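Student: I would like a close look at a single part of this model, followed by some of its other features. Please keep the account plain.

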Amino acid sequence: MAVGQVRSGSEAGSATAPTQRRQSFGQDEFLKMMLAQLKNQDPLKPLEPAQFLGQLAQFSTVTGIQAMQQSLASLNATLGAASLMEGANLVGRDVLSAATTGRLGAVGGVRGAVVAPPGASVVQVAVRDLSGALVRRFEVPAGSGLVDFQWDGVDQSGQRAAPGLYAIEAIGVVGSKGESLEVLLEQRVNSVTVDATASALVLNTSGGPVPLDRVRRVM
């Protein structure tokens with residue numbers, strides 16, 4: 001086992017060495033090029049001081065950009081770790097976020113909210129099974145903004161619905177016109193991860209992954 005560990009360290013060292021050599025070679029190459037240019041320039045047409053300084057400024061700019069990129073990468077990693085630690089505080093809690101399906105357990109119901117427009121006189125919630133068949137339809141007190149609702153898990157006939165996934169949709173009536181409303185459902189946070197490509201925190205909930213910026217309420 002010790003031999004294997006030594007080999008791994010050697011392989012890791014050899015993997016990082018080319019990167020370091022390439023960065024150093026880029027600087028050395030530029031200086032050699034500049035010296036060769038000064039040495040071999042046409043005496044009758046010497047390099048203009050402004051042109052020479054411009055090349056040096058260009059090199060300094062590239063070097064500065066590389067250093068800035070390294071600093072930003074380090075800062076991004078630090079912020080990602082800090083976000084992950086903050087997100088860990090949400091594990092085990094419920095959050096309210098946009099969703100189209102809710103999971104009904106053996107007991108309890110499904111809670112959520114709809115985003116109702118101003119002036120809505122009626123807000124109606126429909127629960128359907130995954131085949132599209134209507135399971136339950138009910139109204140909630142009208143209002144504007146977030147309007148909470150709860151489905152107790154009972155179907156239209158008064159019987160307990162089978163555990164599983166159900167589609168939740170809502171309609172709001174403003175005047176005589178009905179319109180679909182955004183549905184938000186409560187979901188339990190099981191774990192958190194950091195999306196490396198977007199540098200964003202993702203909550204792994206009972207209803208699937210939810211970006212932190214999509215959360216509307218934390219219970």
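Student: In which loop is Gly-175 found?

Tutor: The model is a predicted one. In it, Gly-175 sits in the loop that runs between strand 7 (164–174) and strand 8 (177–195). Gly-175 counts as exposed because its relative accessibility is 61%, and the cut-off for that class is over 50%. The C-alpha atom of Gly-175 is separated by 7.2 Å from that of Ser-121, although the two residues are 54 residues apart along the chain.

Along with strand 2 (101–104) and strand 3 (110–116), strand 8 supplies at least two residues of the lining. The volume of the largest pocket is about 430 Å³. Its lining is made up of 20 residues, and those nearest the centre are Arg-103, Gly-109, Glu-186, Gln-187 and Ser-206. Sorted by class, the lining comprises 10 polar, 5 nonpolar and 5 charged residues.

Two of those central residues, Glu-186 and Gln-187, are also touched by Asp-94. Asp-94 belongs to strand 1 (residues 94–98). With a relative accessibility of 17%, Asp-94 counts as buried, since the limit for that class is under 20%. Leaving aside residues up to four places away in sequence, Asp-94 touches Arg-188, Arg-217, Val-218 and Met-219 as well as Glu-186 and Gln-187. With Arg-188 there is a polar contact between the two side chains, at 2.6 Å.

How values were computed: Residues numbered from 1 in each chain as written. Predicted model: local features only at pLDDT ≥ 70, side-chain atom pairs only at ≥ 80, totals over all residues. Heavy atoms only, no water. Helix = DSSP H or I, 4+ residues; strand = E, 2+ residues; numbered from the N terminus. Buried < 20%, exposed > 50% of the residue type's maximum accessible area, 1.4 Å probe, protein only. Polar contact = N/O pair within 3.5 Å; in protein donor to acceptor, adjacent residues only side chain to side chain. Contact = heavy atoms within 4.5 Å. 1 Å grid on protein atoms, 1.4 Å probe; cavity = no way out; pocket = protein on both sides within 12 Å on 5 of 7 lines; lining within 4 Å. Points joined across faces, edges and corners; volume = space filled by probe spheres on them. Nonpolar A, V, L, I, M, F, W, Y, C, P; charged D, E, K, R; others polar.
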